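Thanks for coming, everyone. Please have a look at the structure.

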Amino acid sequence: MEVRDIEIFLTLAEELHFGRAAERLHVSQARISQAVSQQERRLGGALFDRSNRRRIRLTPLGRQLRDDLTPVYAGLRDSLERARLAAQGITAVLRVGMLPLNVYDLRVYWDTFRARHPGWRLTIRHPAFSDPFGALRSGEVDVLVAWLPIEEPDLTVGPVLYAEPRVLAVGAGHELAGRTAVALDVVSDFQHPDVESRPDYWFDSYVPSHTRNGRSIQRGPMVRNTEEILSLTSIGEIVTCFPAHMARYGARPGIVYLPIRDLDPLPYALVWRSEAETGLIRALARIVRELGPHTSTGSS
């Protein structure tokens, strides 16, 4: 099988839909169908059950091939990427996962890392906050910028990058929108977003379950990403606690950001998997400790 044929098969095995697979690969559905048919003829068996026109399924042969090819293809891509980087003089890559959106505010750390280590590359990714530590544990990222506290036995909490006040995002037509600031007791009267997968203690540090006076803070619709939160906020279905930098990074028509008076600043730190600590991670942590916490991420 050609590399492109492997990519086509694995993409279709993931999507189980010709149209979506074609869209992801930027080819026609006919090209997907042709490649799969050729693979099936070579192997002598069907890889997909196409009896349902709306949704295809993997056959037992298809599942076996998917399971066998997935690590092979991942290894091949990694090898090609390492060769490409080596040709550019890059000997290692540090993948930084960012749960907050303020990558630009923290550029002093990224720029210092690159200046001190020209043979290393630093890249930024945004893992899903619904599974905050999954990207670390799966090896998708090497180090994560996440809010505290983090009490996971397999993770090391490194230096703090910054801590910033909180704001409340509300729809422009919301009854709170005309205020200059709000207290948490007032915020508790309205629904907040919820997520399915997280340690409860960790999410409660972002959106408390109760105010200081003991009032319960309602959690409403489940969300998967920041875009869903902003959409639901703009139509008034929820209100949302955010770190203050979202007043700039999440600025858009239909949303107003109000300071929350009685909620402590939210600290963010570097976090990594203890058994996967590398020289690259230690180098970035050393830079953060030397430069100290950044102090202006929440300013407008």
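Start at leucine 168. Set aside its neighbours within four places in sequence, and leucine 168 is still in contact with Leu176, Val182, Val187, His192, Val239, Thr240, Cys241, Val256, Tyr257, Leu258 and Ile260. Keep in mind that this is a predicted model.

The largest nonpolar core has 69 residues. Leu168 is among those with the most contacts inside this core, along with Leu94, Trp110, Phe242, Leu270 and Leu284. Which helix gives the most to this core? Helix α11, residues 279–291, with seven residues. One general point here. In soluble globular proteins, nonpolar side chains tend to be buried together.

Now valine 170. Val170 is found in strand β7, residues 166–171. Is valine 170 buried or exposed? Buried: its relative accessible area is 0%, and the cut-off for buried is under 20%. What does valine 170 touch, not counting residues up to four places away in sequence? The list is Leu176, Ala177, Thr233, Val239, Gly254, Ile255, Val256 and Leu258. Look at tyrosine 257 as well. Valine 170 and tyrosine 257 are 87 residues apart in sequence. In space, C-alpha to C-alpha, they are 6.5 Å apart.

What about the whole protein? Among contacts between residues at least 6 apart in sequence, 74% join residues at least 24 apart.

Next, strand β12, residues 266–273. This strand is mostly covered, with six of its eight residues buried. Which way do β5 and β12 run? They run antiparallel, and four bridges join them. β5 covers residues 143–147. Find valine 145: it stands opposite leucine 270 in β12.

Last, the overall view. The protein has eleven helices and twelve strands. Its C-alpha trace spans about 70 × 50 × 35 Å along the principal axes. Of its 300 residues, 45% count as buried. The protein exposes about 15200 Å², and carbon and sulfur atoms supply 50% of that. On charge, there are 37 positive and 36 negative, and their mean positions are 5 Å apart.

Definitions and conventions: Residues are numbered from 1 along each chain as its sequence is written. This is a predicted model: local features need pLDDT of at least 70, side-chain atom pairs count only at pLDDT 80 or more; totals for chains, interfaces and linings use all residues. Side-chain values use heavy atoms; hydrogens and water are left out. Helices (H or I, at least four residues) and strands (E, at least two) are DSSP runs, numbered from the N terminus. Buried means under 20% relative accessible area, exposed over 50%, partly exposed in between (1.4 Å probe, protein chains only). Contact means heavy atoms within 4.5 Å. Accessible areas come from the Shrake-Rupley method with a 1.4 Å probe; for residues, only the protein chains shown count as cover. Lys and Arg count as positive and Asp and Glu as negative; His and the chain ends are not counted. The place of a charge is taken as NZ of Lys, CZ of Arg, CG of Asp or CD of Glu. A nonpolar core is a set of buried Ala, Val, Leu, Ile, Met, Phe, Trp, Tyr and Cys residues joined through side-chain atoms within 4.5 Å. Two strands pair if DSSP finds at least two bridges between them.
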